[in-house]
Amino acid sequence: MATALVAGPYLGEKLRHLQWLGLLLGLVGVSLVVGNKLSWQQGDIAGVLGCVVALLGITAGTLYQKRHATSMNLVTGSLVQIAAAGVAMLPLVLVFESRPVVWTGDFVIALLWLSYVLSIGAITLLHLLIRRGAAAKVASLFYLTPAVTAVLAWMLFGETLSPL
């Protein structure tokens with residue numbers, strides 16, 4: 001929603017009324033699913049603030065990339081972004097993480113999945129989508145994340161899907 005709101009004035013993108021309705025319904029759906037999980041205790045507020053910072057970051061990055069970096073090389077562009085994120089996170093890791101790693105089969109599979117599919121694969125897909133489509137339309141795909149995650153959790157971990 002944030003990307004769609006800024007993409008009009010910043011990139012000249014126009015959304016039809018039906019697209020705005022879809023974005024609004026997506027926002028309502030995510031709010032219904034996530035809203036009942038928040039207890040608004042101190043830890044939840046910190047988490048929400050972290051999500052807001054992340055939202056502002058991905059919105060600014062998407063808009064900047066659409067306007068200034070559509071011709072960047074996908075490999076080097078992703079490498080620079082992942083390296084910059086690593087440098088930014090390193091102090092937090094050193095302060096808050098315990099550092100011993102227990103290498104198990106499950107850990108290695110999870111690490112490979114996170115590294116290749118969710119990092120390299122997802123970033124490359126995001127770059128390709130931004131390059132080829134409107135920023136607001138690309139950002140609207142993020143509304144699929146909760147639904148796909150819920151279905152995967154049901155399939156892989158036997159979680160129950162509620163009517164909500």
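In this predicted model, the count of aromatic pairs comes to one, where rings of Phe, Tyr and Trp (its six-membered ring) pair if their centres lie within 6.5 Å. The partners are Trp103 and Phe107, and their arrangement is edge-to-face; planes over 60 degrees apart receive that label, those under 30 degrees count as stacked and the rest as tilted. The centres of Trp103 and Phe107 are 5.1 Å apart, with 80 degrees between the planes.

The table lists the accessibility of both residues; buried means under 20% relative accessible area, exposed over 50%, and partly exposed in between (1.4 Å probe, protein chains only).

| Residue | Relative accessible area | Class |
|---|---|---|
| Trp103 | 59% | exposed |
| Phe107 | 30% | partly exposed |

Across the 164 residues of the protein chain, 16% are buried.

The protein chain has seven helices and zero strands, taken as DSSP runs (helices H or I, at least four residues; strands E, at least two) numbered from the N terminus. Helix 4 (residues 74–96) packs with helix 5 (residues 105–132) at an angle of about 120 degrees, their axes being 10 Å apart. Axes are lines fitted to C-alpha atoms, for helices over the stretch in contact, and angles run from 0 to 180 degrees between N-to-C directions.

Residues are numbered from 1 along each chain as its sequence is written. In this predicted model, local features need pLDDT of at least 70 and side-chain atom pairs count only at pLDDT 80 or more, while totals for chains, interfaces and linings use all residues; side-chain values use heavy atoms, leaving out hydrogens and water.
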